[in-house]
Amino acid sequence: MRSIVVAVALACAAVAAWGTEPSGADVMRKSDATLFGDRGAWTMSLEDHDGQRVKASYTFSCLAGGSDRFLMVAEQPAVMRGQAILRLGDTIYQYIRKIDRLKQVAASVAFFSSSFSMEDVVATSLSEFYDFGDAEALAYQGQNAYRVTMSARSRSAAYSRIVCYVCASDYRPLAREYYAYSGTMVKRLAFEEQRMGDDGRLAYVRLRMEDALRPRFYSVVSFSEFDYAAKVTDDLFTVANLKKAAR
């Protein structure tokens, strides 16, 4: 009888402990909240590497008007000026002023030949495109963390699934692994640095995306100069304004 009582008590304790774990959705929403705000402006800098050699570097001004609206305009180098990208919901537009060309691009298309896809850059929240699996507690590089696997809601998403590692103490993202629809892991993302401002919002973040199939190729992107007080109105996120913004 005593053994039965002990077994039941242990089972109840296990259930109670399991019940305290956050869901995968909770983990990822809290993780997203440590990154980009729904509205604001910031600067993005990108370096594309081939081994130790920097192949190309770019600077973009970015504007967010909610989780489904995003505008970015090329600033540097000079040859890139006149190009802009707009995301409206699931649709991504690219405009090149020099040839007056407007086109829709798939989320999986490489962002200016870098290791990042269009989705990686213009989607501020993964929850817009993926469903969440359970949160699994584990140790990741010496830290207590959660692992959450996200599955694409449709083939319009850039990846079939993304495995995310999130710090358990403050929900900062640590790393992600990206899988193609064939099941092959194609990329690894490391969050190399993340700083919050005095107001508790993101002030700086640097990411490194590695090509899992060609390890010598990787891209480093940083986001800085955040302005959460920037005036952001819905009319800025239109195809008409996209052409105006591509100065």
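Me: How much space lies in the second largest pocket?
Reply: About 190 Å³. Keep in mind that this is a predicted model.

Me: Which residues lie nearest the centre of that second largest pocket?
Reply: D32, A33, F36, G37 and D38. The lining of the second largest pocket has 17 residues.

Me: And which helix gives the most to the lining of the second largest pocket?
Reply: Helix α2, residues 24-33. It supplies three residues.

Me: How does the lining of the second largest pocket divide into nonpolar, polar and charged?
Reply: Six are nonpolar, seven polar and four charged.

Me: OK, now the largest pocket. What volume does it have?
Reply: About 480 Å³. Its lining takes in 36 residues, and A107, S108, A110, S117 and K187 are the closest to the centre.

Me: Which elements supply at least two residues of the lining of the largest pocket?
Reply: Helix α3 does. So do the strands β1 (39-50), β5 (91-96), β6 (101-105) and β11 (185-196).

Me: How many charged residues are in the lining of the largest pocket?
Reply: Nine. Another 17 are nonpolar and 10 are polar.

Me: Let's look at D120. Where is D120 found?
Reply: In helix α3, which covers residues 118-122.

Me: What does the side chain of D120 reach?
Reply: The backbone nitrogen of S117, at 2.7 Å. S117 is also among the residues closest to the centre of the largest pocket.

Me: Leaving aside neighbours within four places in sequence, which residues is D120 in contact with?
Reply: S115, Y159, Y178, K187 and M209. K187 is another of the residues closest to the centre of the largest pocket.

Me: Switching to β1. Why is β1 described as largely enclosed by the rest of the structure?
Reply: Because nine of its 12 residues are buried, with under 20% relative accessible area as the cut-off.

Me: In what sense do β1 and β2 pair?
Reply: Antiparallel, over 12 bridges. Strand β2 spans residues 53-65. E47 stands opposite S57 in β2.

Me: What about the hairpin of β1 and β2: how many residues are between the strands?
Reply: Two. G51 in that hairpin takes a positive phi near 65°.

Me: And over how many bridges do β1 and β13 pair?
Reply: Nine, again in the antiparallel sense. Strand β13 runs over residues 217-227.

Me: Which residue stands opposite D50 in β13?
Reply: F217.

Note on methods:
Residues are numbered from 1 along each chain as its sequence is written. This is a predicted model: local features need pLDDT of at least 70, side-chain atom pairs count only at pLDDT 80 or more; totals for chains, interfaces and linings use all residues. Side-chain values use heavy atoms; hydrogens and water are left out. Helices (H or I, at least four residues) and strands (E, at least two) are DSSP runs, numbered from the N terminus. A polar contact is a pair of N or O atoms within 3.5 Å; within protein, one must be able to donate a hydrogen and the other to accept it, and residues adjacent in sequence count only if both atoms are side-chain atoms. Contact means heavy atoms within 4.5 Å. On a 1 Å grid over the protein atoms alone, a cavity is a set of points where a 1.4 Å probe fits but cannot get out, and a pocket is an open set with protein on both sides within 12 Å along at least five of seven lines; lining residues have an atom within 4 Å of a point. Grid points are joined across faces, edges and corners, and a volume is the space filled by probe spheres set on the points. Ala, Val, Leu, Ile, Met, Phe, Trp, Tyr, Cys and Pro count as nonpolar, Asp, Glu, Lys and Arg as charged, and the others, Gly among them, as polar. Buried means under 20% relative accessible area, exposed over 50%, partly exposed in between (1.4 Å probe, protein chains only). Two strands pair if DSSP finds at least two bridges between them.
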